[in-house]
2 protein chains.
Amino acid sequence: MLEVATEVFCERGYAGASMNEIASRCGVTKPMLYLYFDSKERLYLACVTFVGDGLIAAIEKSVASAASPIEQVLATAAGLFSYAEQRDRAWWGVIYSETMPADSAVAEATIGYRDRIFAIINRAALAVLPDPLDAEIASHALIGAGESLLRWWVGRPEESAADLNERLARIVGPLLASIAP
Amino acid sequence: MLEVATEVFCERGYAGASMNEIASRCGVTKPMLYLYFDSKERLYLACVTFVGDGLIAAIEKSVASAASPIEQVLATAAGLFSYAEQRDRAWWGVIYSETMPADSAVAEATIGYRDRIFAIINRAALAVLPDPLDAEIASHALIGAGESLLRWWVGRPEESAADLNERLARIVGPLLASIAP
DNA sequence: CTCCTTTCTTACCGCTCGGTAAGTTAGCTT
DNA sequence: AAGCTAACTTACCGAGCGGTAAGAAAGGAG
């Protein structure tokens with residue numbers, strides 16, 4: 001049920017998704033949705049924590065086995081790809097999207113998850129870039145690169161996560177190795 | 001008028017923006033909007049070409065004076081920042097947003113502009129990465145990094161475009177120099 | 001068979017949306 | 001002054017939204 005709702009929210013955005021469509025794609029009717037989730041916002045919130053918790057878990061698990069900062073960055077991407085491959089390649093969008101109402105509990109929740117991912121990346125970046133603002137900028141750029149890769153990946157089902165990881169390591173590995181041996 | 005509409009679309013997304021709000025923030029009433037632009041979709045389309053043309057022009061102008069592939073990538077970012085600083089830091093979102101209806105003329109138009117920017121980056125990437133898929137992946141990652149930086153920059157008015165360019169050159173310059181002397 | 005509880009649907013409410021028809025204002029021409 | 005044109009607003013329409021009330025269906029207990 002949460003999975004279907006997440007799918008629809010990713011396809012149409014918060015404002016564009018209708019409770020009727022979510023309900024019918026779940027095989028139930030609208031009042032049933034409102035029985036389990038009190039409102040559209042709370043349903044979206046449930047999707048956010050559903051995806052966010054899984055995403056964070058996958059990333060933390062992947063990063064735990066990485067030693068150097070460079071490996072940690074690549075491991076973050078690998079965790080992201082692993083979650084996307086295992087669950088759904090589009091679901092990350094429920095966290096990284098700008099379609100929900102600002103200044104709401106939902107927005108706060110997504111910001112919370114984004115901050116946690118940012119903290120992971122930024123810790124690695126700070127180990128390489130001493131200037132905090134440099135590290136912050138680099139972290140945001142890295143996260144944006146990940147987002148963009150994921151979006152691209154949604155339309156490329158034939159590429160596997162392993163393939164993507166291998167390519168990433170091949171492309172950015174030599175670059176980063178030059179700065180942090 | 002287009003500027004106000006672009007602002008509202010960026011703030012609320014396509015579905016979330018209402019023609020009433022756009023009209024009143026323009027100082028006119030809704031039927032006036034429909035006199036000049038036939039429908040909501042055509043209004044959005046007008047915003048897309050308005051922003052897209054300016055963005056492409058700024059990027060092409062900036063890239064024209066760049067020789068090496070690395071300089072071209074940095075110049076693309078510089079062009080983006082220059083447009084954002086000169087016009088509005090949030091407007092790029094009208095091109096890079098997922099809130100408009102799929103399979104519409106609007107979606108096609110934004111894809112057109114994104115493709116043109118992609119082509120600029122990808123040409124530079126291909127000069128460094130011989131494998132086409134490698135270059136494609138790198139290009140998407142670079143564009144995503146740019147998107148993310150712009151989004152971050154919106155909330156950091158105190159940083160200037162020049163400052164950002166300088167930091168970018170300092171951070172990624174040494175990295176890229178190691179692969180393409 | 002009857003009653004009661006739980007589960008789900010039909011049918012609706014108020015509201016806002018995109019979009020439009022009809023009328024009002026203002027200025028210009030003669 | 002009278003008439004015409006252009007610019008603009010008021011007031012509305014049907015549709016779809018989020019959300020809910022009230023009743024139908026189903027099953028177990030006595």
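Q: A residue counts as near a strand if its C-beta atom, placed from the backbone, lies within 6 Å of that strand. How many residues surround DNA strand C, and which are the closest?
A: In this predicted model, 13 residues surround DNA strand C. The closest are A:Thr29 and A:Pro31 from one chain, with B:Ser18, B:Ser39 and B:Lys40 from the other.

Q: Which helices each supply at least two residues of the surface near DNA strand C?
A: They are H3 of chain A together with H2 and H3 of chain B. By class, this surface divides into six nonpolar, four polar and three charged residues.

Q: What surrounds DNA strand D?
A: DNA strand D has 13 residues around it, and the closest are A:Ser18, A:Ser39, A:Lys40, B:Thr29 and B:Pro31. At least two residues each come from helix H2 (19–26) and helix H3 (30–36) of chain A and from helix H3 (30–36) of chain B. The surface near DNA strand D has six nonpolar, four polar and three charged residues.

Q: How are the two copies, chain A and chain B, related?
A: Chain A is superposed on chain B by a rotation of 180° with 0.0 Å of shift along its axis, at an RMSD of 0.0 Å. The two copies are thus related as by a two-fold rotation axis.

Q: How do you know through which surface the copies meet?
A: Of the interface residues of chain A, 100% are also interface residues in chain B, so the copies meet through the same surface. The contact takes 25 residues from chain A and 25 residues from chain B.

Q: Which element gives the most to the side of chain A that touches chain B?
A: H7(A) gives the most, with 12 residues. The elements that give two or more residues there are helix H1 (2–16), helix H7 (132–154) and helix H8 (161–177) of chain A. By class, this side of chain A has 14 nonpolar, seven polar and four charged residues.

Q: What makes H5(A) and H7(A) parallel or oblique?
A: The axes of helix H5 (residues 69–86) of chain A and H7(A) come within 11 Å and cross at roughly 30°. Angles under 35 degrees count as roughly parallel, and H5(A) is therefore roughly parallel to H7(A). On the side of H5(A), the contact is made by A:Val73, A:Ala77, A:Leu80 and A:Ala84, and on the side of H7(A) by A:Leu142, A:Gly146 and A:Leu150. Six of these residues are nonpolar, one is polar and none is charged.

Q: Why is H6(B) called oblique to H7(B)?
A: The axes of helix H6 (residues 105–128) and helix H7 (residues 132–154) of chain B come within 9 Å and cross at roughly 125°. Perpendicular ends at 115 degrees and antiparallel begins over 145, so H6(B) is oblique to H7(B). H6(B) passes H7(B) in a right-handed crossing. Among the residues that meet are B:Ile117, B:Phe118 and B:Ile121 in H6(B), and B:Leu142 and B:Ile143 in H7(B). The contact has 10 nonpolar, two polar and one charged residue.

How values were computed. Residues are numbered from 1 along each chain as its sequence is written. Chains are lettered from A and ligands numbered from 1 in the order in which they are written. This is a predicted model: local features need pLDDT of at least 70, side-chain atom pairs count only at pLDDT 80 or more; totals for chains, interfaces and linings use all residues. Two residues are in contact if their C-beta atoms, placed from the backbone, lie within 7 Å. Helices (H or I, at least four residues) and strands (E, at least two) are DSSP runs, numbered from the N terminus. Ala, Val, Leu, Ile, Met, Phe, Trp, Tyr, Cys and Pro count as nonpolar, Asp, Glu, Lys and Arg as charged, and the others, Gly among them, as polar. Copies are superposed by least squares on the C-alpha atoms of residues with pLDDT of at least 70 in both. Axes are lines fitted to C-alpha atoms, for helices over the stretch in contact, and angles run from 0 to 180 degrees between N-to-C directions. Angles under 35 degrees count as roughly parallel, over 145 as roughly antiparallel, 65 to 115 as roughly perpendicular and the rest as oblique. A crossing is left-handed if the near helix is turned anticlockwise from the far one by less than a right angle, and right-handed if clockwise.
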